[in-house]
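Student: I am new to this one and would like to learn how to read it. Could you walk me through some of its features?

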Amino acid sequence: MFLIMALPLFFFLHGWNEHWNDLDAKDVLPLLAIHLTASVFVFLVFKFLYKDNAKAALLTTVMFAIHFFFGALQDFLHDHAAVRFLSRYGVIIPVIAVCFIYLMWQLREKVPGPRFLNYISVLLTLLVAVESLWMISHEVSSGIPMKDGKILTKLPNKIAHPDIYYIVTDEYAS
């Protein structure tokens, strides 16, 4: 069960660590809860279809990897592909869909080996552990709130910042 929750947990911990000055728990935790709930739901759907926990966990992990890293893949292909049309949605989405359907078809009769699933579990566990350690180091390096030499048990309210919105166009209109 940890395998299906490890990838969303890693993704959100990594994003939180990348932007730890700008994000609060109230910004990240609701999205994490939604993605964890969705991963459990997708796992249950695949378990119903395949009647096997290992197959369902692998397909759920692959599906969420596609969900989380699609933008990075598209950006990478846009910047590094020798032929520019490879980065178009009309090419990437069908290729990913065909690969995922092929994986689903292959898993009808084959069971993923326990070594492979253990490898993915250990890898994601290490990634979550590293991100957790980074988060702890950010909290420690930001300092312990003190007043008159005593550690505050209740954190003071953050300074009110003006509402500033960053508009990221992300080249959707080319």
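Tutor: Gladly! Let's start with a pair of helices: α3 passes α4 in a right-handed crossing. Please keep in mind that this is a predicted model.

Student: At what angle do the axes of α3 and α4 cross?

Tutor: Roughly 155 degrees, and the two axes come within 12 Å. Here α3 covers residues 53-80 and α4 covers residues 89-106. An angle over 145 degrees counts as roughly antiparallel, so α3 is roughly antiparallel to α4.

Student: Which elements make up the whole protein, and in what pattern?

Tutor: There are five helices and two strands. If you follow the sequence, the pattern reads α-α-α-α-α-β-β.

Student: At what angle do α1 and α3 pack?

Tutor: Helix α1, residues 2-18, packs against α3 at about 20 degrees, and their axes are 8 Å apart. Since an angle under 35 degrees counts as roughly parallel, α1 is roughly parallel to α3. The crossing of this pair is right-handed.

Student: And how do I describe α2 relative to α3: parallel, antiparallel or oblique?

Tutor: Start with the angle again. The axes of α2 and α3 cross at roughly 135 degrees and come within 8 Å. That makes α2 oblique to α3. As for handedness, α2 passes α3 in a right-handed crossing.

Student: Now for single residues. Is Leu 32 buried or exposed?

Tutor: The test is relative accessible area, and under 20% means buried. Leu 32 has 12% relative accessibility, so this residue counts as buried. You will find Leu 32 in helix α2. Across the protein, buried residues make up 25% of the 174 residues.

Student: How far apart are the C-alpha atoms of Leu 32 and Pro 8?

Tutor: They are separated by 7.0 Å, while the two residues are 24 residues apart along the chain. Leu 133 sits in helix α5, residues 114-141. With a relative accessible area of 58%, Leu 133 is exposed.

Student: Which residues form a nonpolar patch on the surface?

Tutor: Look for Phe 41, Val 45, Phe 48 and Leu 49, which together have about 450 Å² of accessible area. Take Leu 49 as a case to work through. Leu 49 lies in helix α2, residues 25-50. The cut-off for exposed is over 50%, and Leu 49 is exposed because its relative accessible area is 52%.

Student: What about Lys 51: where is this residue placed?

Tutor: Lys 51 is in the loop between α2 and α3. Check its backbone too: phi is near 60 degrees, a positive value in a residue other than glycine. Lys 51 is exposed, with 64% relative accessible area.

Student: Are Arg 108 and Glu 109 buried, partly exposed or exposed?

Tutor: Try each with its number. Arg 108 has a relative accessible area of 46%, so Arg 108 is partly exposed. Glu 109 is exposed, with a value of 67%.

Note on methods:
Residues numbered from 1 in each chain as written. Predicted model: local features only at pLDDT ≥ 70, side-chain atom pairs only at ≥ 80, totals over all residues. Heavy atoms only, no water. Patch = residues over 30% accessible without salt bridge, like charges linked within 9 Å, V, L, I, M, F, W, Y side chains within 5 Å. Areas by Shrake-Rupley, 256 points an atom, 1.4 Å probe, with all protein chains shown as cover. Salt bridge = Lys/Arg side-chain N within 4 Å of Asp/Glu carboxyl O. Helix = DSSP H or I, 4+ residues; strand = E, 2+ residues; numbered from the N terminus. Buried < 20%, exposed > 50% of the residue type's maximum accessible area, 1.4 Å probe, protein only. Axes fitted to C-alpha atoms, helices over the stretch in contact; angles between N-to-C directions. Parallel < 35°, antiparallel > 145°, perpendicular 65-115°, else oblique. Left-handed = near helix turned anticlockwise from the far one by under 90°.
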